Each structure stands twice: as C-alpha cells, then as structure tokens.
Amino acid sequence: MGGIMESTIKKLNCHLFRVCGKYYVYDVPKNVILKVNRDTYNEIKELSIEEQSDYKGDNNTIKELLSEGYLSSQYIEKIEHPMTRNIESALDNSLHMLTLQVTQNCNLRCKYCVYSGSYINRKHNNKRMSFETAKKAIDYYILHSSQMPKLRFGFYGGEPTLEIELIRKCVSYINGCSLGKPVEYNLTTNATILNRDIIQFFIDNHFYLTISLDGSKEIQDKNRVYAESGKGTFDKVIENIGWLRKEFPDFLQRVHFNMVMDPVDGYSISNDFFMKDERVKGIEVNASQKNDVNYTEEIAKTPEYYMNRSYEQFKVIFDYYRDIKEDISPLVTGYLGGIKNNIADMLKGDESGYKIGHPGGPCVPGLQRLFVNADGNFYPCERTNEDSAMMIIGNVEDGIDIDKAKTLLNVGKISENVCKKCWAFRFCTSCAVYAEDKDKLSTEKRLSRCDSIRSAVETNFREYCILKELKMDFEELEETD
C-alpha cells in the first residue's frame with residue numbers, strides 16, 4: 001500500500017449516480033460499475049471535480065481501488081472504430097441482409113411516415129425498381145455473403161405489395177441462384193391490399209410478415225389513412241387479419257405487428273388493444289417510436305405516456321420474480337432483454353488500456369442491412385436520407401465504396417475532442433444517420449443528441465443496478481429467452 005499515496009490521478013474518468021439509496025461509480029476505462037458507501041461516493045465526487053496530483057486522503061476503499069487500477073485518469077487517445085481494419089473483408093464476404101426498395105409509392109399517407117412530407121427528405125412518388133436493377137443488387141449480395149450460413153432478403157416501400165409481381169420475379173430469381181443456402185424473406189406491409197393469393201405465395205416461400213398496426217380504431221385511424229380519401233384503415237386491416245387468422249392459422253407464427261406509439265395519446269389505449277382484443281391477441285408486437293431523424297417538428301411525449309410505459313415495465317419485472325405469466329404487455333416484453341443487451345452484456349470489464357476506440361452507435365455501413373433504393377444506390381440501411389450524397393455508399397454497378405463506408409463508420413472523428421471525454425462513450429447510440437446534414441457530416445448535429453443519450457444511459461444504469469440488487473441473473477435471462 002505504500003505506493004498508493006503517490007498515485008497520480010489527475011482528472012478522474014468516471015461517472016457517479018445514485019438510485020434507491022445506493023451509491024455507484026461507473027469507472028469508464030475499466031468499464032465496470034462499482035458499488036460504494038456514501039462517504040466513499042462523496043469523496044470520489046470531490047476528487048472528480050478538479051485535477052488532483054495524487055490522493056492524500058485516508059479512505060481505505062479509495063486506496064484499494066487505486067491499487068487495483070480503478071479511478072484512473074485514462075482517456076481515449078485515438079478515435080478509431082475497431083472494425084476499420086477489417087471492414088473490407090467483412091463487406092466482401094459477410095453481408096447479412098439485402099433490402100430492396102421495390103417502390104417509393106404507397107396507397108396510404110401515414111402522418112408519421114418518412115415519406116409523409118413531415119421529414120426533410122423523402123416523399124412518396126411513382127418511382128419503382130426495375131427487375132434489372134433488382135437482379136444486379138441480388139447478384140452483388142449473393143457474391144458478397146459467401147461466409148453467411150443463409151441468405152436474407154427484405155422488401156421495402158412505400159407499400160411493397162404494390163409491386164407484388166416484381167417481388168415474385170425477384171423471389172423466383174433468388175431461389176434459382178441461392179447456391180443451396182437456406183433463404184429467408186421479410187416484408188413489411190400496411191395489410192390493406194393483402195389477399196389469399198399473396199399470403200399463399202408468402203407461405204410457399206417462407207416469408208416473415210410484419211403488419212403495421214398501431215392499435216385500436218381510434219389510434220390507427222388518426223395516423224394511418226388512405227392517400228386518396230383520407231379515411232382511416234383500421235376496418236380493412238382488421239378484416240384482413242380476421243381471414244388470415246381463420247384460414248392460415250399456422251402462418252401466424254411468422255407474422256408480427258409493428259406498432260408506432262402515439263406519444264400524445266399516452267400508452268394505455270394501444271396497450272389495452274393488443275393485450276385484450278381477441279382479433280389481435282397473441283400475435284407478437286414490436287413497439288417502436290416515431291422516427292426522429294430529419295423530422296421537421298419536435299416529437300413531444302405526455303407524462304401519461306411515460307407513466308403507463310413504466311408501469312408495464314414494472315409488471316414485466318414483477319412477472320420475472322413471481323412467474324405470474326399473465327397481463328404482461330406485448331409492448332414491453334423485450335424490456336428486460338434490452339437491459340441485458342444494452343447494459344449487462346456491455347459491462348464486461350476492459351483491460352485494453354482504453355487508448356483506442358470509437359463511441360458506440362455505428363454499425364459497419366451496409367453489413368447488417370444493405371439497402372438498395374429504386375435507383376440502385378446503396379445505403380447503410382433503410383433509415384438513411386436518400387437525398388444525401390453523403391449517405392450513398394455505392395451502387396449496383398460499382399459496388400460498395402470502402403472509403404465512404406470507413407468515413408461513416410468513423411463518424412466519431414468529427415466530434416473527437418468531445419467524444420474522448422464522454423463517460424457514456426461505449427454506450428453512445430449516435431451513428432452517421434444522426435450527423436448527416438445534406439451532403440456533409442455535421443459536428444453540431446451529431447452533438448445535439450448527446451445530453452439525451454447520456455440521460456438514457458444513466459437511466460439504464462440505474463435500472464440495471466436495481467435489478468442486480470434484486471439478484472437478477474442476466475446470464476439466466478439469456479438462457480430462458
């Protein structure tokens with residue numbers, strides 16, 4: 001212990017927080033959360049305010065932590081994504097999925113859709129993908145997914161079933177050149193023009209189907225309306241789900257709903273609908289929020305929204321410990337898994353020295369979900385701004401531009417000085433999509449989300465620590481999911 005008093009600690013790289021009367025320190029370089037008593041917490045808080053040349057106190061816990069390498073002043077020295085050196089090999093051999101934008105047209109005008117006119121980019125039009133463009137994209141994907149155990153394709157719109165004949169041709173072509181690999185197809189639809197022939201085609205070709213449905217008639221008809229009449233779509237969607245459930249019950253295992261929460265009306269109306277309405281009960285629901293990327297207005301949420309969501313999350317936790325298995329909202333069934341994936345699995349400790357790294361957030365552009373628009377341009381995923389040259393990472397003729405992909409992967413370089421000092425460095429959720437500003441990457445736009453990201457990470461830290469205090473076994477959670 002003699003050398004501890006001479007430890008140079010300078011500006012501590014840590015984050016302190018409290019929850020339920022307990023005190024915690026997140027050690028950033030070590031990537032661990034330490035539970036301490038109040039006195040230690042307060043002393044570390046004092047130490048973290050200003051640079052210290054060495055520790056002169058007599059707190060034995062702090063001395064021990066220093067001796068074990070905690071409470072250091074180590075900060076990231078260089079911003080570089082760990083996949084930078086392997087990106088070319090990954091994009092050459094391991095593309096996970098290809099998403100084809102078969103049309104930019106839709107028979108609806110959903111008020112929150114990225115093509116609705118409420119976003120600075122994208123508007124519905126009659127542009128459709130040609131079969132020749134689709135074939136070139138398919139060939140490129142198959143050639144560059146040689147190390148993947150199966151082929152995965154998604155069909156995207158607009159409303160993709162408007163181009164069902166093009167989809168049939170694509171599927172026939174894919175099935176003929178899949179090289180013996182299993183093939184998985186995914187399609188998201190508003191379900192207004194589904195018919196029995198289309199469903200049989202989906203069944204015959206092992207499609208997974210996502211139906212967009214926001215909830216009760218009141219909620220659905222508020223936002224999801226027909227383009228020509230402006231009338232709501234609830235009745236037609238429910239009618240089609242009715243015969244689908246009756247005539248193709250086995251296919252329901254491959255069907256789930258995508259529900260966009262309406263934060264103005266709160267949470268409970270849609271929640272009650274999916275939990276209690278026999279027409280939809282039992283079908284998996286993926287609950288998402290309005291896409292805030294490039295949205296022209298601020299998306300506000302009412303207090304009732306947060307209260308109702310928190311109550312349903314509480315019931316999920318209660319169910320985990322009491323094994324009640326009833327009245328669990330399908331909108332929050334993934335809540336515990338999210339805490340596990342986003343926090344527990346990422347808090348694995350780090351002995352690397354914390355010198356080179358990149359803020360969390362960016363995936364390898366195009367690797368997980370290579371998106372091809374109707375013109376044949378490549379994008380990192382379907383969430384990007386198609387009107388921005390910055391987001392184009394290639395095309396069906398020339399393939400992926402590796403240098404462009406590297407630039408987007410290392411978007412953290414544009415805010416390097418700020419990112420290096422951020423305690424939430426590893427848990428950042430900001431990729432290039434959030435920095436895109438027309439034809440360039442904007443430092444200001446990227447940093448505009450930092451406060452909300454840090455707030456969300458701290459909330460997740462608190463939830464994680466509460467669950468650990470309740471003896472939740474996150475490894476067991478992995479086995480049971």
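**Exercise 1. What is the volume of the largest cavity, and how many cavities are there in the count?**

Solution. 
- Start with the volume: the largest cavity of this predicted model holds about 150 Å³ of space.
- Then take the count. With a threshold of 30 Å³ or more, three cavities are found.

**Exercise 2. Describe the lining of the largest cavity: which residues lie nearest its centre, and which helix gives the most?**

Solution. 
- Count the lining residues: there are 14.
- Look towards the centre. Cys419, Cys422, Cys428, Cys450 and Arg454 lie nearest to it.
- Sort the lining by class. Nine residues are nonpolar, two are polar and three are charged.
- Now turn to the helices. α13 (416–419) and α15 (450–469) each supply at least two lining residues.
- α15 gives the most, with three residues.

**Exercise 3. Arg454 is one of the residues nearest the centre of the largest cavity. Which residue does the side chain of arginine 454 meet in a salt bridge, and is arginine 454 buried, partly exposed or exposed?**

Solution. 
- Find the partner: the side chain of arginine 454 meets that of aspartate 451, at 3.0 Å from N to O.
- Check arginine 454. Its relative accessibility is 24%, so it counts as partly exposed.
- Check aspartate 451. Its relative accessible area is 59%, so it is exposed, the cut-off being over 50%.

**Exercise 4. Classify glutamate 416 and lysine 420 as buried, partly exposed or exposed.**

Solution. 
- Note the link first: their side chains meet in a salt bridge, 3.3 Å from N to O.
- Recall the cut-off: buried means under 20% relative accessible area.
- Lysine 420 has 18%, so it counts as buried.
- Glutamate 416 has 23%, so it is partly exposed.

**Exercise 5. How far apart in helix α5 are arginine 168 and glutamate 165?**

Solution. 
- Start with the contact. Arginine 168 forms a salt bridge with glutamate 165, and the closest N and O atoms are 3.4 Å apart.
- Locate both in helix α5, which covers residues 164–176.
- They are three residues apart there, so about one helical turn separates them.
- The general idea: side chains of opposite charge can pair when their charged atoms come close.

**Exercise 6. How many salt bridges does the whole structure have, and which residues are linked with Glu80 in a network?**

Solution. 
- Search the whole structure: 25 salt bridges are found.
- Look at Glu80. Lys78 and Arg85 are linked with it in a network of salt bridges.

Notes. Residues are numbered from 1 along each chain as its sequence is written. This is a predicted model: local features need pLDDT of at least 70, side-chain atom pairs count only at pLDDT 80 or more; totals for chains, interfaces and linings use all residues. Side-chain values use heavy atoms; hydrogens and water are left out. On a 1 Å grid over the protein atoms alone, a cavity is a set of points where a 1.4 Å probe fits but cannot get out, and a pocket is an open set with protein on both sides within 12 Å along at least five of seven lines; lining residues have an atom within 4 Å of a point. Grid points are joined across faces, edges and corners, and a volume is the space filled by probe spheres set on the points. Helices (H or I, at least four residues) and strands (E, at least two) are DSSP runs, numbered from the N terminus. Ala, Val, Leu, Ile, Met, Phe, Trp, Tyr, Cys and Pro count as nonpolar, Asp, Glu, Lys and Arg as charged, and the others, Gly among them, as polar. A salt bridge is a side-chain nitrogen of Lys or Arg within 4 Å of a carboxyl oxygen of Asp or Glu. Buried means under 20% relative accessible area, exposed over 50%, partly exposed in between (1.4 Å probe, protein chains only).
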